[in-house]
Amino acid sequence: MAEATVQTAGAPSARNYLQELLPRIVLAPSFAAILLFVYGFILFTGYLSFTDSKMLPSYGWVGLENYSKLWALPHWWRAISNLAIFGSLYIIVCSVLGLGLAILLDQKIRAEGVLRPIYLYPMALSFIVTGTAWKWFLDPGIGLEHTMHQWGWESFSFTWIKDRNMAIYTLVIAAVWQSSGFVMAMFLAGLRGVDNEIIKAAQIDGASNVTIYRRIIIPLMRPVFLSAFVVLAHLAIKAYDLVIALTGGGPGQATELPATFMYSYTFTRNSMGIGAASATIMLIMIASIIVPYLYSELRTGRRS
Amino acid sequence: MARAVSVRRRTIATAAAWLIGFLIFFPILWTIITSFKTELEAFSTPPKFLFFEWTTENYGIVQERSNYLRFVSNSLILSIGSTLVALLFAIPAAWAMAFAPAKRTKDLLMWMLSTKMMPPVGALIPVYLIFRDMGLLDSRGGLIAVLFLMNLPIIVWMLYTYFKEIPGEILEAARMDGASLWKELVYVLAPMAVPGIASTLLLNVILAWNEAFWTLNLTTSAAAPLTAFIASYSSPEGLFWAKLSAASTMAIAPILVLGWFAQKQLVRGLTFGAVK
């Protein structure tokens with residue numbers, strides 16, 4: 001990379017100085033904006049989590065009281081265990097389907113260029129719109145169940161979205177529908193990057209297609225699995241739009257996730273301190289995923 | 001992989017891939033079709049797929065009852081406005097990082113990008129309080145500011161990757177020929193940077209158009225975009241299915257078009273560069 005700050009001899013030195021400083025000057029606003037918006041606001045949220053804020057922020061220091069209150073709430077435990085169920089199913093099913101679809105699309109299928117955007121559409125559209133469509137589709141009174149009954153399959157029953165024990169799985173269905181095609185695109189890019197020579201060598205050695213995939217190609221996809229995990233995990237922890245559109249956290253608290261919990265405690269239950277504590281815990285969860293990932297990325301980036 | 005695939009396997013794979021594609025697209029397709037039915041036909045027995053009397057009455061009714069176009073114009077103003085403001089900040093920043101890299105430029109970029117992964121709930125309370133104190137709740141200006149800040153990291157990073165592809169030698173050659181910084185920017189850099197800027201703009205308009213966390217929590221009506229309007233159809237009621245579908249169809253139509261052209265950018269942007 002050529003150094004753009006190299007100067008021609010004889011230029012006036014004040015101008016030189018300015019030109020050398022210019023990159024920093026133009027970078028500063030973006031840097032400051034991100035610093036303030038992300039870290040400034042996060043620090044403030046963190047600070048509020050140690051105060052007695054209720055409906056309004058107040059600055060009486062209460063130490064860890066909000067955290068102990070938070071972890072004593074069955075409602076919060078519900079949100080955390082829902083996140084565990086939702087997150088693990090979402091990540092596993094999306095990765096498996098994504099890899100499967102990528103392998104399917106890698107079989108030199110016809111008009112692949114038309115199919116790829118179709119697989120990607122669910123991710124490109126607003127979660128609010130697709131979530132609402134799914135809500136109506138899964139509603140027993142008007143959606144799938146209703147249609148099946150009209151077609152004469154009277155015993156058909158699909159009432160998960162109204163069922164406290166099953167509603168969380170409708171969230172998984174909609175989220176998997178939304179993200180699988182996107183994970184497919186990640187794996188497809190990975191598959192396209194596999195060196196053909198390795199495959200050819202294996203074929204000459206008489207390896208079957210299944211063996212080639214199982215023993216050579218899928219192990220080579222390890223970095224893609226890792227990126228997919230990081231992307232999907234942070235999407236799961238942040239999940240908000242889809243829950244709001246699909247179930248609104250209900251029935252009862254059956255589909256409450258940390259993000260919806262945080263909103264309801266901060267703004268509708270007037271416990272800003274507890275809301276801030278839950279937001280801080282979500283921040284720690286996401287940081288514990290992305291910091292090691294970024295660290296390893298930067299290290300490998302340096303080596304190459 | 002350029003491997004030999006037998007004709008039979010290729011045909012089966014093609015059929016399977018298209019079937020899955022159809023299933024994936026079905027909920028979207030069904031929404032679009034339902035939007036052209038009467039409320040009565042939306043519930044007809046058995047459901048009608050294509051052979052019904054197509055009508056556009058729902059679109060008229062939605063507009064009449066809830067001034068739909070106001071939500072559309074809010075969506076347009078918010079997504080395009082926030083993108084333009086962000087580009088104003090990001091283009092110089094990305095230019096600086098791509099053409100005058102310092103020792104820590106890569107780290108700085110990674111750091112910027114990592115902030116995009118942070119959950120927005122972490123910033124919700126302070127943003128809400130500031131908006132309330134400054135009277136910015138339910139205002140377009142305030143939302144443009146938030147959306148701009150939210151997407152700034154990804155815009156800077158995306159522009160950087162595009163600018164990085166511009167060969168530095170060309171700039172040096174221009175400088176050797178005595179071009180001033182200004183001339184260098186306008187005549188050499190700008191023409192080569194435009195495609196990258198356009199791609200970034202496209203991705204960001206889509207992201208801002210779909211944004212719901214901030215728009216739902218910071219607007220009530222005056223500045224509410226389409227996402228907030230759709231979310232206001234809270235409970236499934238049979239009487240509104242066709243109308244909701246019409247509203248949804250109009251909300252997704254621009255993205256169905258833009259998404260076709262922006263699929264590469266979407267994957268690149270949403271995976272934070274893991275896929276080039």
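**Note on charged and aromatic side chains and the chain A–chain B interface**

1. The charged end of Arg268(B) is placed over the ring of Tyr162(B), 4.7 Å from the ring centre. A charge sits over a ring if NZ of Lys or CZ of Arg is within 6 Å of the ring centre and within 35 degrees of the ring normal. Arg70(B) likewise lies over the face of Phe71(B), at 4.8 Å from the centre of that ring.

2. This is a predicted model, in which local features need pLDDT of at least 70 and side-chain atom pairs count only at pLDDT 80 or more, while totals for chains, interfaces and linings use all residues. Residues are numbered from 1 along each chain as its sequence is written, chains are lettered from A and ligands numbered from 1 in the order in which they are written, and side-chain values use heavy atoms, with hydrogens and water left out.

3. Arg268(B) also forms a salt bridge with Glu165(B), with 3.9 Å between the closest N and O atoms. Arg268(B) belongs to helix α12 (residues 263-270) of chain B and Glu165(B) to the loop between α6 (140-164) and α7 (168-176), so the pair ties together parts that are 103 residues apart in sequence. A salt bridge is a side-chain nitrogen of Lys or Arg within 4 Å of a carboxyl oxygen of Asp or Glu. Helices (H or I, at least four residues) are DSSP runs, numbered from the N terminus. Arg268(B) counts as buried at 12% relative accessibility, whereas Glu165(B) counts as exposed at 56%. Here buried means under 20% relative accessible area, exposed over 50%, and partly exposed in between (1.4 Å probe, protein chains only).

4. Over all chains, the structure has seven salt bridges. In one of them, Asp107(B) meets Arg104(B) at 2.6 Å, N to O; Asp107(B) is buried at 15%, and Arg104(B) is exposed at 55%. Glu65(A) and Lys69(A) form another, at 3.2 Å, and both lie in helix α2 (residues 65-71) of chain A, four residues apart, about one turn of the helix. Glu65(A) is partly exposed at 38%, as is Lys69(A) at 34%. A network of salt bridges links Asp106(A), Glu112(A), Arg116(A) and Arg192(A).

5. How many aromatic pairs does the structure hold over all chains? There are 31. Rings of Phe, Tyr and Trp (its six-membered ring) pair if their centres lie within 6.5 Å; planes under 30 degrees apart count as stacked, over 60 as edge-to-face and the rest as tilted. Tyr263(A) and Phe267(A) form a tilted pair, 5.1 Å centre to centre with 40 degrees between the planes. Both residues lie in helix α12 (residues 258-268) of chain A. They also belong to one aromatic cluster, whose members include Phe37(A), Tyr128(B) and Trp214(B).

6. Between chain A and chain B, 102 residues of chain A are in contact (heavy atoms within 4.5 Å) with 104 residues of chain B. The two chains bury about 9,400 Å² between them, 75% of it on carbon and sulfur atoms. Buried area is the accessible area (1.4 Å probe) that two parts lose on being put together, summed over both. Helix α1 (residues 13-48) of chain A provides the largest share of the side of chain A that touches chain B, 19 residues. The count of salt bridges between chain A and chain B is zero.

How values were computed: Helices (H or I, at least four residues) and strands (E, at least two) are DSSP runs, numbered from the N terminus.
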